[in-house]
Amino acid sequence: MRKKWWGLLGGFGAGVINGLLGAGGGMVVVPLLSALGVRGKKSHATALMVIVPLSLVSAVLYPLRRQRQMCIRDRPWLPGSLLGAYLGSRLMPKISTGWLKLVFGGLMLWGGIRLL
């Protein structure tokens, strides 16, 4: 029962962070899943499964509210992002969990430093 409440609270936190920061929910979801016993690559893959619907909700709500935070016209990054997501999903099974943690941690650290 305790895991269920942590999951609900963590999911809520991931949704709020994702809505505010845009796909930043992975920084919450991966550690939360690890704490709940989901290990290694399974936590990263599950986090992606959670983040995609969260991102879609945010992407739909911003234009519906006529907010100007999105620039729909300028999206040259979209094809590269889709290709990168495909390649990343193909590479994940071939990368050791240790390297995956190192890359994830490094990206979180880099992102945190850039935000400062």
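Student: Among contacts in the protein between residues at least 6 apart in sequence, what percentage join residues at least 24 apart?

Tutor: This is a predicted model. Contacts here are counted between residues at least 6 apart in sequence. Of these, the share that joins residues at least 24 apart is 57%.

Student: What pattern does the protein follow along the sequence?

Tutor: The secondary structure comes to five helices and zero strands. Read along the sequence, the pattern is therefore written with helix symbols, since helices and strands are numbered from the N terminus. That pattern is α-α-α-α-α.

Student: Is G10 buried or exposed?

Tutor: G10 is found in helix α1, residues 2-21. Buried means under 20% relative accessible area. Because G10 has a relative accessibility of 11%, G10 counts as buried.

Student: Which residues does G10 touch, not counting residues up to four places away in sequence?

Tutor: G10 sits in helix α1. Residues up to four places away in sequence are not counted. The residues that G10 touches are V28 and L32.

Student: How many Å apart in space are P31 and G10, C-alpha to C-alpha?

Tutor: P31 is found in helix α2, whereas G10 is found in helix α1. In sequence, the two are 21 residues apart. In space, C-alpha to C-alpha, they are 9.7 Å apart.

Student: Is P31 buried, exposed or partly exposed?

Tutor: Buried means under 20% relative accessible area and exposed means over 50%, with partly exposed in between. P31 has a relative accessible area of 39%, so P31 is partly exposed.

Student: Which helix supplies the largest share of the nonpolar patch?

Tutor: The nonpolar patch on the surface is formed by L91, I95, W99, L102, V103, L107 and W110. Together these residues have about 750 Å² of accessible area. The largest share, five residues, comes from helix α5.

Student: Where is I95 found?

Tutor: I95 is one of the residues of the nonpolar patch. At 31% relative accessibility, I95 counts as partly exposed. I95 is found in the loop between α4 (77-91) and α5.

Technical notes: Residues are numbered from 1 along each chain as its sequence is written. This is a predicted model: local features need pLDDT of at least 70, side-chain atom pairs count only at pLDDT 80 or more; totals for chains, interfaces and linings use all residues. Side-chain values use heavy atoms; hydrogens and water are left out. Helices (H or I, at least four residues) and strands (E, at least two) are DSSP runs, numbered from the N terminus. Contact means heavy atoms within 4.5 Å. Buried means under 20% relative accessible area, exposed over 50%, partly exposed in between (1.4 Å probe, protein chains only). Patches are made of residues with over 30% relative accessible area and no salt bridge: like charges are joined within 9 Å, nonpolar side chains (Val, Leu, Ile, Met, Phe, Trp, Tyr) within 5 Å. Accessible areas come from the Shrake-Rupley method with a 1.4 Å probe; for residues, only the protein chains shown count as cover. A salt bridge is a side-chain nitrogen of Lys or Arg within 4 Å of a carboxyl oxygen of Asp or Glu.
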